[in-house]
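This briefing covers the contacts between chains in the structure shown below. Please keep the sequence and the 3D view at hand while reading.

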There are 4 protein chains.
Amino acid sequence: MPALEVSGVTYSYDGFVTVLEEVGFTVDAGEIVGLLGPNGSGKSTLIKTVFDLLRLQSGTIAVGGHEHASPAAKSVAMYLASNDYLPQFLTGREYIEMLGRLYGVAVEHTAADRLFETFSMAGRYDDLIEDYSHGMRKKTQLVSALLMRRPLTIIDETLNGIDIEALHRTEKELARLRAEGRSVILCTHDFALLERLADRVLFLDHGVLVTDASTDSVIDEHGSLSAMVFGHLDAEPRP
Amino acid sequence: MPALEVSGVTYSYDGFVTVLEEVGFTVDAGEIVGLLGPNGSGKSTLIKTVFDLLRLQSGTIAVGGHEHASPAAKSVAMYLASNDYLPQFLTGREYIEMLGRLYGVAVEHTAADRLFETFSMAGRYDDLIEDYSHGMRKKTQLVSALLMRRPLTIIDETLNGIDIEALHRTEKELARLRAEGRSVILCTHDFALLERLADRVLFLDHGVLVTDASTDSVIDEHGSLSAMVFGHLDAEPRP
Amino acid sequence: MPALEVSGVTYSYDGFVTVLEEVGFTVDAGEIVGLLGPNGSGKSTLIKTVFDLLRLQSGTIAVGGHEHASPAAKSVAMYLASNDYLPQFLTGREYIEMLGRLYGVAVEHTAADRLFETFSMAGRYDDLIEDYSHGMRKKTQLVSALLMRRPLTIIDETLNGIDIEALHRTEKELARLRAEGRSVILCTHDFALLERLADRVLFLDHGVLVTDASTDSVIDEHGSLSAMVFGHLDAEPRP
Amino acid sequence: MPALEVSGVTYSYDGFVTVLEEVGFTVDAGEIVGLLGPNGSGKSTLIKTVFDLLRLQSGTIAVGGHEHASPAAKSVAMYLASNDYLPQFLTGREYIEMLGRLYGVAVEHTAADRLFETFSMAGRYDDLIEDYSHGMRKKTQLVSALLMRRPLTIIDETLNGIDIEALHRTEKELARLRAEGRSVILCTHDFALLERLADRVLFLDHGVLVTDASTDSVIDEHGSLSAMVFGHLDAEPRP
């Protein structure tokens with residue numbers, strides 16, 4: 001069963017400007033997919049619709065086979081926001097515990113504490129998130145995803161700017177999630193990261209899914225992901 | 001004359017642990033150089049020493065041929081910090097004006113305003129920086145560098161997480177700085193960006209300059225920058 | 001029925017250090033109560049326990065007559081965190097809508113938009129929270145509380161640093177909540193605000209409820225709230 | 001000699017709307033003055049003009065007897081911004097050292113470290129400011145002011161939201177600055193703080209200095225500072 005099936009999704013904030021136009025794609029179990037797009041491409045609207053933060057206007061979305069607005073769907077997928085949206089009045093432990101209750105996962109705090117160490121945050125698990133640096137907050141999001149191990153994880157820019165060792169470690173862990181049949185969507189402009197890790201890439205522009213192809217085939221055709229994307233941006237008018 | 005000459009720089013915070021060990025390299029005029037290193041590699045200490053925020057303990061540093069602590073050196077180089085260090089009580093215009101006074105540059109505010117537009121910040125030049133988003137602050141830093149056009153600009157993670165069109169535009173502008181004989185040091189883990197743009201890469205680990213080589217030669221030898229860096233991190237013990 | 005009843009609450013993070021010691025108090029319907037305490041007084045632990053973010057170790061807590069960990073209790077009380085904990089990837093409208101679903105309140109977005117205007121945020125309701133200033137985020141929290149109109153609202157430092165007109169307006173609105181029989185707990189060191197608005201004050205130090213008295217009686221006895229609090233802090237050893 | 005003399009200052013951003021209108025006042029040596037005003041009252045424009053971040057358009061400003069744009073004036077006055085404008089890539093020590101060089105003050109780092117302790121930040125002096133919480137950054141600003149001991153210090157909302165013990169300690173230290181003949185301008189809406197500490201208050205509305213009177217006389221006439229300010233805001237049309 002696919003981790004995510006999006007079909008015929010069209011969205012308009014006001015009935016006039018179309019932000020998403022007949023967007024459809026599938027993310028299979030055990031697949032890492034890159035999601036690319038410039039500002040205003042509709043990427044955020046798409047993600048919010050998947051998580052039922054915006055009401056679906058047309059088309060269908062299934063998460064792990066469940067209708068996307070159902071409680072079942074909501075326990076399948078996890079969203080790591082780009083902007084360290086974490087409750088600062090909780091400690092790392094309290095936050096992870098809260099997530100565990102939310103997703104019905106019994107958290108092994110010893111393992112969590114060890115992951116904090118692995119990500120160069122030894123001894124900080126019981127500190128207030130308010131006292132975490134920007135980088136630590138991103139790493140706390142990553143650690144939480146590795147503990148919850150949802151069938152589908154969407155990582156929105158969270159890997160930007162984390163330290164190189166954490167990045168390297170995260171890449172290994174994401175590959176492990178994939179090996180377990182779990183799926184990951186990576187929203188990032190780090191093209192080299194996508195070339196290393198993504199099985200497939202989706203490129204959205206002006207609400208239209210311009211590219212839905214395996215990473216290898218994009219590299220075969222354009223030489224690199226950046227060549228494909230920047231070539232598209234430079235074309236006038238855009239295709 | 002080189003934009004930056006670092007020679008025999010050793011640094012210790014406490015006299016025991018060595019953070020930088022005999023670091024030496026040159027950045028030529030008209031060169032874009034990538035500076036890479038894990039957390040604790042000494043990268044920050046190196047940059048702070050170059051800008052005389054930490055006192056040089058041994059070795060020599062020359063910026064544009066001037067002793068690095070001299071007023072002349074300080075007007076040559078500009079530092080874009082990773083963490084949007086901008087005075088939030090100023091507007092974009094007031095900030096750019098302040099920088100102009102600092103570097104002795106007569107700012108053309110019409111051009112600045114147009115750059116704001118180019119970077120998708122139309123009409124925000126006279127708003128308080130306090131009201132800018134994280135991404136806008138990074139782009140304001142980039143715009144300020146493009147206006148000051150210092151002989152040497154050090155960009156510390158500022159390109160992480162900016163939108164794809166701003167990234168594309170910035171790459172073109174940095175190439176133009178290079179064509180004018182100006183130099184840029186890019187601190188980033190976006191390996192694809194470095195492969196597209198950097199003439200040379202410096203890789204620092206545990207305070208030692210492990211790699212100082214042309215980007216092409218690193219790719220020839222290792223296949224990619226990431227292969228070189230991650231290969232090094234995976235080696236036990238590290239070379 | 002009291003909005004909040006706390007009785008015999010003792011808490012220890014590790015079994016040795018006691019953070020809360022036999023804390024008990026009542027907040028009646030239609031009462032505004034100030035909660036004061038230095039860093040480490042146990043204030044945060046108390047609030048987290050009320051909201052079941054920390055598990056109750058001993059004693060009882062009832063919110064609107066419901067056992068505090070029950071779903072019924074959770075829909076009664078709302079917490080405004082001191083540190084603008086808002087999902088930055090949502091717009092104001094999307095956030096308010098999400099809260100409405102959470103508390104089972106049908107949001108009147110026209111009224112919400114008008115409240116944004118009243119709080120000097122005209123035209124910003126559909127902007128991303130990411131683009132809101134620090135002050136706007138606090139005001140968005142306040143607006144959301146005025147829309148949800150929960151029987152009990154806990155406002156944790158959210159009034160600090162907002163502009164003077166928003167403060168004045170908020171005071172009037174909080175008085176209106178009180179007139180409707182709703183209750184508010186204000187955590188703030190703005191003693192004048194408490195003297196203007198709070199019916200009663202709770203002062204916590206080292207986990208012990210030192211003072212639980214009407215604002216008037218404290219002023220009668222000590223001259224002012226600050227005289228009571230600072231007098232206590234200056235006493236050696238503290239009573 | 002007065003710490004600050006402002007006379008006949010009028011300011012307009014565009015030649016049409018007047019942001020400051022013939023503003024004049026004096027801050028004497030050894031005086032603590034409260035500066036109050038709603039959003040858009042001109043408070044920020046006034047402060048930026050005093051610090052020559054905006055060019056004076058008409059009138060005169062003298063800081064410690066020096067023309068306000070002269071280097072001499074700039075070493076007399078220090079500005080603590082409301083929004084923790086601190087270089088996050090420096091440690092506390094590095095930042096204080098940098099300020100010391102700027103103001104020509106030989107910093108006693110042992111004393112600074114002790115002040116960090118006093119403000120509940122023991123052991124954090126050599127940590128990166130990036131890793132400081134919001135509250136710690138405000139306290140770092142306060143500590144820096146207590147070390148620089150400029151003849152004139154302007155504290156812009158920096159006291160909002162700091163912990164109660166730090167507030168109490170700061171009040172004592174500000175009183176000591178006053179006893180040494182130094183002057184402080186406090187921008188805050190914490191009316192009780194001003195009633196405890198300020199010798200005089202300035203109230204600005206729509207660019208006009210509405211009130212310039214001793215705190216005692218305002219309390220005599222209106223009962224409290226808040227009664228004066230809120231009464232003014234409630235009047236229609238405003239006087």
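Over all chains, the structure, which is a predicted model, holds 30 aromatic pairs. One of them is formed by A:Y85 and C:F89, with ring centres 5.7 Å apart and planes at 80 degrees, so the pair is edge-to-face. Because A:Y85 sits in the loop between β6 (77-80) and α3 (92-103) of chain A, and C:F89 in the loop between β6 (77-80) and α3 (92-103) of chain C, the pair joins two chains.

**Chain D against chain B**

- In this interface, 23 residues of chain D are in contact with 23 residues of chain B.
- About 2000 Å² is buried between chain D and chain B, and carbon and sulfur atoms give 52% of that area.
- Of the area that chain D buries against chain B, 35% comes from D:Y85, D:F89 and D:R101, more than from any other three residues.
- Between chain D and chain B there are 4 salt bridges.
- One salt bridge links D:D52 with B:R101, where the closest N and O atoms are 3.3 Å apart.
- Polar contacts between chain D and chain B number 10 residue pairs.
- Helix α3 (residues 92-103) of chain D gives the most to the side of chain D that touches chain B, namely 4 residues.
- That side of chain D is made up of 12 nonpolar, 3 polar and 8 charged residues.

**Chain B against chain A: contacts**

- Here 26 residues of chain B are in contact with 26 residues of chain A.
- Chain B and chain A bury about 2200 Å² between them, with 61% of it on carbon and sulfur atoms.
- There are 2 salt bridges across the interface of chain B and chain A.
- A:K172 and B:D234 meet through their side chains in a salt bridge, at 3.1 Å from N to O.
- The polar contacts between chain B and chain A amount to 6 residue pairs.
- On the side of chain B that touches chain A, at least two residues come from each of α6 (164-179), α7 (191-197) and α9 (225-234) of chain B.
- The most is given by α6(B), with 6 residues.
- By type, the side of chain B that touches chain A has 10 nonpolar, 8 polar and 8 charged residues.

**Chain B and chain A: symmetry**

- Chain B is superposed on chain A by a rotation of 180 degrees with 0.0 Å of shift along its axis, at an RMSD of 0.0 Å.
- This is therefore the relation of a two-fold axis.
- The residue of chain B that comes closest to the rotation axis is B:A192, at 2.4 Å (C-alpha).
- Both copies use the same surface, as 100% of the contact residues of chain B recur in chain A.

Notes
Residues numbered from 1 in each chain as written. Chains lettered and ligands numbered in written order. Predicted model: local features only at pLDDT ≥ 70, side-chain atom pairs only at ≥ 80, totals over all residues. Heavy atoms only, no water. Contact = heavy atoms within 4.5 Å. Buried area = accessible area lost by both parts, 1.4 Å probe. Polar contact = N/O pair within 3.5 Å; in protein donor to acceptor, adjacent residues only side chain to side chain. Nonpolar A, V, L, I, M, F, W, Y, C, P; charged D, E, K, R; others polar. Least-squares fit on C-alpha atoms with pLDDT ≥ 70 in both. Phe/Tyr/Trp six-rings, centres within 6.5 Å; stacked < 30°, edge-to-face > 60°.
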